[in-house]
Amino acid sequence: MALDAKGVRKIRAEFPALMESVNGKPVIFFDGPGGTQVHRSVIEAMNRYFASANSNHGGAYLYSRRTDEAVHAARSAMADFFNAARPEEIVFGPNMTTLTFRISEALGARLKPGDEIVVTRLDHDGNVAPWLALESRGVTVRYVDFDPGTGNLNMDDMERAINRRTKVVAVGYASNALGTINDVQTIISMAHAFDAWVYVDAVHYAPHGPIDVKELGCDFLACSAYKFFGPHLGVLYGRYELLDALPPRKVRPAGDAPPDKFETGTNNFEAICGAAAAVDYLASVGKQFGGEYGRNSPCVGRRRELKAGMSAIREYEKTLGQALLVGLMKIPGVKVYGITQEEKLDQRVPTFSFTVKGLHPREVAKSLDRENIFVWDGHFYAVEAIERLGLMGQGGVVRIGLYHYNTMEEVRVFLEELTRIQGS
Ligand SMILES: Cc1ncc(COP(=O)(O)O)c(C=O)c1O
């Protein structure tokens, strides 16, 4: 069975925050790019941890052992989510940005003046600022541009930027501002041809499609559980040999091997339990709605279910995205940024940014809020991208993020409201 309207109705009922009505009108949650809502099983897993463990790790007593078991299980779940070779390649932290600063600082210790790092103007600042911080060591940071008309990274620019001095290429899997899915596979090949490491920011892509670090061959990949239906937690994949070779700052008693040496201080164990539950939820989507993706996948176990789940999600989201795009393009005065051709929907996730002529983005977001439609406006920390679009001084854009728990009816109601707001 594919993921369809009936399946989505069933799924939605398991997300408490999606079931709320305010003043008799249901809430329409379109700010998944800022943070998705959580599945019931995530809330239950976190409650369970508090009720039956809630102790530090590495101790001699039962509750501590339960914590150790839960963390190990969560690392295995994340290893399946990324298709990592082993659970020790998974590092937990407060969020993606903090983990990225931690890696950039550790990597920076190995760099020398004249070395180069490549970043892009399409990326969230969480994958730019940590690399800019290394300029104080004499490292040169090169920017790769994107086409403001299409939202695509300029791959010629990328090819020109990577050279024998390049040590790291930092690139996003998908843009949180324009929705573009970048050709990370090609970028990884370009970087590896010069022995440079690739740091992939998969925060925005993770809830929309399957990730396979083995297939990609990336060196690092970071994401955040709160963007894929889990709690506020950062998760990093690093190739074991690289994590092992890097020297992070750490307290002396903390373990010297990965992942311990990167996990500064006491972990957020309850969030780690929640992240594992989010992965299991996505696997359950695969089990229920994976259909042919599940049957044809060469993977086994939870990895197979995850791949099937994420593929089913991607297919369903494409139909929603198409309806939203077609509707937006018909409203006078609305300008959509990024990929706008229906036949190119495969090259983007259903995150749509737009402006409405004569209306400040905050005004549009506030008007939508009055109808219980929750959206974000501004630059979303994708500061280079919004600057490049020439919109920084005008309040940026309004952003709609569609997820597998959203419905055609929500898209219809939103388009109707936006048409009214535009015409008022
Ligand atoms: C694409 C992208 N990268 C990085 C981040 C930063 O993630 P975190 O809040 O976990 O630091 C975000 C957050 O919105 C994002 O959308």
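Which residues line the largest cavity? In this predicted model, the lining of the largest cavity is made up of Arg-314, Glu-317, Lys-318, Gly-321, Gln-322, Leu-345, Arg-348, Val-349, Pro-350 and Phe-352. Helix α12, which covers residues 301-330, supplies the largest share of that lining, namely five residues. When the residues of this lining are sorted by class, four are nonpolar, two are polar and four are charged.

**Enclosed spaces**

Rolling a probe the size of a water molecule over the atoms shows where empty space is left. A search of the whole structure, counting cavities of 30 Å³ or more, finds two of them. The second largest cavity is lined by Phe-81, Pro-210, Ile-211, Arg-303, Leu-306, Lys-307 and Met-310.

| Space | Volume | Lining residues by class |
|---|---|---|
| Largest cavity | about 60 Å³ | four nonpolar, two polar, four charged |
| Second largest cavity | about 30 Å³ | five nonpolar, no polar, two charged |
| Largest pocket | about 500 Å³ | nine nonpolar, 11 polar, four charged |

**The largest pocket and its ligand**

The volume of the largest pocket is about 500 Å³. Of the 24 residues that line this pocket, His-124, Asn-176, Tyr-226, Lys-227 and Phe-380 are the closest to its centre. Where does the ligand sit? The place of the ligand is in the largest pocket, and the residues around the ligand are Asn-95, Met-96, Thr-97, His-124, Asn-176, Asp-201, Val-203, His-204, Ser-224, Tyr-226 and Lys-227. Sorted by class, this shell around the ligand has three nonpolar, six polar and two charged residues.

Some members of the shell can be described in terms of single atoms. In the side chain of Thr-97, an N or O atom is 2.5 Å from an oxygen atom of the ligand. For Asp-201, a polar side-chain atom lies 2.5 Å from a ligand nitrogen atom, while for Ser-224 a polar side-chain atom lies 2.5 Å from an oxygen atom of the ligand. How much of the area that the ligand exposes when taken alone does the protein bury? Taken alone, the ligand exposes 400 Å², and the protein buries 90% of that area.

**Two details of the backbone**

Pro-258 and Pro-259 are joined by a cis peptide bond, for which omega is about 0°. Pro-259 belongs to the loop between helix α9, residues 240-245, and helix α10, residues 269-289. The other place is Asn-23, which has a positive phi of about 50° although Asn-23 is not a glycine. Asn-23 is found in the loop between strand β1, residues 21-22, and strand β2, residues 25-26.

Note on methods:
Residues are numbered from 1 along each chain as its sequence is written. This is a predicted model: local features need pLDDT of at least 70, side-chain atom pairs count only at pLDDT 80 or more; totals for chains, interfaces and linings use all residues. Side-chain values use heavy atoms; hydrogens and water are left out. A residue is near a molecule or strand if one of its heavy atoms lies within 4 Å of it. A polar contact is a pair of N or O atoms within 3.5 Å; within protein, one must be able to donate a hydrogen and the other to accept it, and residues adjacent in sequence count only if both atoms are side-chain atoms. Accessible areas come from the Shrake-Rupley method with a 1.4 Å probe; for residues, only the protein chains shown count as cover. On a 1 Å grid over the protein atoms alone, a cavity is a set of points where a 1.4 Å probe fits but cannot get out, and a pocket is an open set with protein on both sides within 12 Å along at least five of seven lines; lining residues have an atom within 4 Å of a point. A molecule sits in a cavity or pocket if more than half of its atoms lie within 2 Å of its grid points. Ala, Val, Leu, Ile, Met, Phe, Trp, Tyr, Cys and Pro count as nonpolar, Asp, Glu, Lys and Arg as charged, and the others, Gly among them, as polar. Grid points are joined across faces, edges and corners, and a volume is the space filled by probe spheres set on the points. Helices (H or I, at least four residues) and strands (E, at least two) are DSSP runs, numbered from the N terminus.
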